[in-house]
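Welcome, and please have a look at the model below before reading on. The notes that follow are meant to be read beside it.

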There are 2 protein chains.
Amino acid sequence: MENNSTTIHDIAKALGIDSSTVSRALNNSNRVSIKTKQKILAKANELGYQRNVLASNLRKSRTNNIGVIVPRISRHFFSSAISGIEEIAFKEGYNVIICQSLEQFEREQNLVQTLVANRVDGLIMSISMETLSYKHLEGLDKHGTPVLIFDRHCDLPGPNNVLLDDFKGGFDATSHLISQGCTHIVHFSGPDSLRVYKNRLEGYKAALEKHGLPFRENFVLNSRLMTEDGVSLSEKVLALPEKIDGIFSANDVAAISAMQNLKKKGVRIPEDIAIIGFSNEPISSVIEPSLSTMDQSGSEMGKLAATLLLKQIKNRASEKKVETIIINPTLIVRNSSKKKS
Amino acid sequence: MENNSTTIHDIAKALGIDSSTVSRALNNSNRVSIKTKQKILAKANELGYQRNVLASNLRKSRTNNIGVIVPRISRHFFSSAISGIEEIAFKEGYNVIICQSLEQFEREQNLVQTLVANRVDGLIMSISMETLSYKHLEGLDKHGTPVLIFDRHCDLPGPNNVLLDDFKGGFDATSHLISQGCTHIVHFSGPDSLRVYKNRLEGYKAALEKHGLPFRENFVLNSRLMTEDGVSLSEKVLALPEKIDGIFSANDVAAISAMQNLKKKGVRIPEDIAIIGFSNEPISSVIEPSLSTMDQSGSEMGKLAATLLLKQIKNRASEKKVETIIINPTLIVRNSSKKKS
DNA sequence: GCAAAAAATACAATCGATTGTATTGTTGCT
DNA sequence: AGCAACAATACAATCGATTGTATTTTTTGC
């Protein structure tokens, strides 16, 4: 039973050489002769040597880990973003530590602190709905932990960003409904604090305006866009004095539960009310009718986020130029909004 | 701009005391007087001290991290299991490092190695479909990294287990179909290598036998149970010489895509064919007709898994008694299987 | 064959915190 | 006052690997 705790000193002793040479050999330094390297490798194998990553990290003050904090790993957009991040990171020799804030500010704060304390080399985050202050992110960059924000905007000046063009998303989604003949379109929006929702709302407004439709304050319904919200939102829609013929929901989850509830009440989708969501959850293609939506290409965003962060980690010297990449969402038309064939 | 790199030595120097006293004070040891503790805490705050976790971990050879490897974080069962694990772990001061094998053996191997190299204090795993050998898990226990297997069985003698009673699940699911009047029931099974699928199959057989129905080899269809498999599986069902009136699928994903395809072909669900799945994915309650299924209570399994692992980590002395906890699945009856009102 | 250059290796400090042991300082008791 | 008992603090080794500098060995060129 080989002992887990073989160190470079054990190898050095066994071969009668110095541990620094062993260390260099194992790191394939050209300061060690090939012959010695081979001897050392062989002995290392024989003794079942495993580098102690903690010691190595401490000395190098670098961990080759990057931290990822997302609101919920179960959301399709986030899990595909994570896959994208991992793909790039693994290729470059970095490990990814995944955490979920569950949309709670306190958890997010703790996670940031823990990850930084564990000396991740960089941080990729999509901030929680509850997050109103960015104190926990201030100064991280300067203290050697570059931060990259993706998906959800954040007003800090420091970090780089990989964002979706939510304005365009809102504009395209709304325009699509209008093109299907809708004239009284309600918008389900999310917490004011999140810029994504503001931007989607602005896109909605712009589309209305462009097509000569009036914007009505009472057509914008706010909530946290969870499953339970969809039910109450749809009730509110039915209670409106005007007859509604279209809904643009800022996410799929609320759109779906609203649609279910409307169907239960005898509303026909899309004939009576056409619906479009946002995010392209896998469930959306499967429900009946299938839900039109805006795809956020999570995997691509993840890849870009990781690429940008790794660039930042490597060029720590040439910092200061904040980069922001904006990705276009894609309209996916399904049955929930097809009023015209 | 406080410098990130304040150490206990800086604090010690600033106060003219020894760093060991600072360390003990920060760890709230009773070997330091209250007065000194207060001075130290104050100075630590003033200098913006942050413990260097790497150094601490190295010295203590303990990280307070536990690793979790699951096939896919996007699967509802796994993400709820993870939430359960986190709930318990955080309460006890442990952090959770989440990884996904994507059902690939090589990735699983690498992840295990990386996590162990990073000295996680324990490992919770649900093994991948591709995993046939357990070499990468052998001896981990003995070398100080306790392993806990959940959800998917594994033939290693060492680790503790938190498993579902898949036999009972298969039995109950099949019995339910029979109670609805089905007599020709097909079973969608998963890879032979995974015991869970074997057990569900055995449960299926047992239920047939108990109710005096014949078991037919050709009624068992094997696949990896992905979305694309559901389509081909349903084609096979239609191509069978016998008229099928029930399907018990070993997961929801395959059940759903099969159901979709059958509906497209004009088969009525549940009138012509009743269907029941396994896992209770969120999507299952939303599709049309809603899918009957067996719930695995992921959150509870996660909590139990974490509790058991932490117990193991703490009592490293009194090892050797392997514990296995078996959880019962719950039958959830929805419309896809309701032939009788 | 020998000095100079280059290669290979050894020495020793270091990353930052923890911890067993030794030392100093206090208190209490007779 | 004197000594035991104990509290508070200091000293020093250690976790395991990395890395700048010094030293030894080998190679090269003339």
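## About the model

This is a predicted model, in which local features need pLDDT of at least 70, side-chain atom pairs count only at pLDDT 80 or more, and totals for chains, interfaces and linings use all residues. Residues are numbered from 1 along each chain as its sequence is written, while chains are lettered from A and ligands numbered from 1 in the order in which they are written.

## Two copies and their interface

Let us begin with the protein pair.

At the interface, 29 residues of chain B are in contact with 29 residues of chain A (contact: C-beta atoms, placed from the backbone, within 7 Å). On the chain B side, two or more residues each come from H4, helix H5 (76–91), strand S2 (95–100), helix H6 (105–117) and helix H10 (252–264) of chain B; helices (H or I, at least four residues) and strands (E, at least two) are DSSP runs, numbered from the N terminus. H4(B) gives the largest share, five residues. By class, this side holds 13 nonpolar, twelve polar and four charged residues (Ala, Val, Leu, Ile, Met, Phe, Trp, Tyr, Cys and Pro count as nonpolar, Asp, Glu, Lys and Arg as charged, and the others, Gly among them, as polar). The copies meet through the same surface, because 100% of the interface residues of chain B are also interface residues in chain A.

## Around the DNA

Which residues come nearest to DNA strand D? Of the 27 residues around DNA strand D, they are Thr7(A), Ser20(A), Asn52(A), Ala55(A) and Ser20(B) (near: a C-beta atom, placed from the backbone, within 6 Å). Helix H1 (8–15), helix H2 (19–26) and helix H4 (53–60) of chain A each give two or more residues to this surface, as do helix H2 (19–26) and helix H4 (53–60) of chain B. The surface near DNA strand D has seven nonpolar, 13 polar and seven charged residues.

Around DNA strand C there are 27 residues, of which Ser20(A), Thr7(B), Ser20(B), Asn52(B) and Ala55(B) come nearest. Here the elements with two or more residues are H2 and H4 of chain A and helix H1 (8–15), H2 and H4 of chain B.

## Strand S1 of chain B

Strand S1 (residues 65–70) of chain B is mostly covered, with six of its six residues buried (buried: 20 or more other C-beta atoms within 10 Å of a residue's own; exposed: 12 or fewer; partly exposed: in between; C-beta atoms are placed from the backbone). On one side lie Asn65(B), Gly67(B) and Ile69(B), and on the other Ile66(B), Val68(B) and Val70(B).

S1(B) runs parallel to S2(B), joined by six bridges (pairing takes at least two DSSP bridges), and Ile69(B) stands opposite Cys99(B) in S2(B). From S1(B) the chain crosses through H5(B) to S2(B) in a right-handed β-α-β crossover (clockwise from the first strand over the helix to the second, with the strands pointing away from the viewer). S1(B) also pairs in the parallel sense with strand S3 (residues 122–125) of chain B over four bridges, where Val68(B) stands opposite Ile124(B).

## Ile88 of chain A

Ile88(A) sits in helix H5 (residues 76–91) of chain A. Ile88(A) is buried, with 20 other C-beta atoms within 10 Å. Leaving aside residues up to four places away in sequence, Ile88(A) touches Lys303(A), Ala306(A) and Thr307(A). Ala306(A) is 218 residues from Ile88(A) in sequence, yet their C-alpha atoms are 6.2 Å apart in space.

Notes
Contact = placed C-beta atoms within 7 Å.
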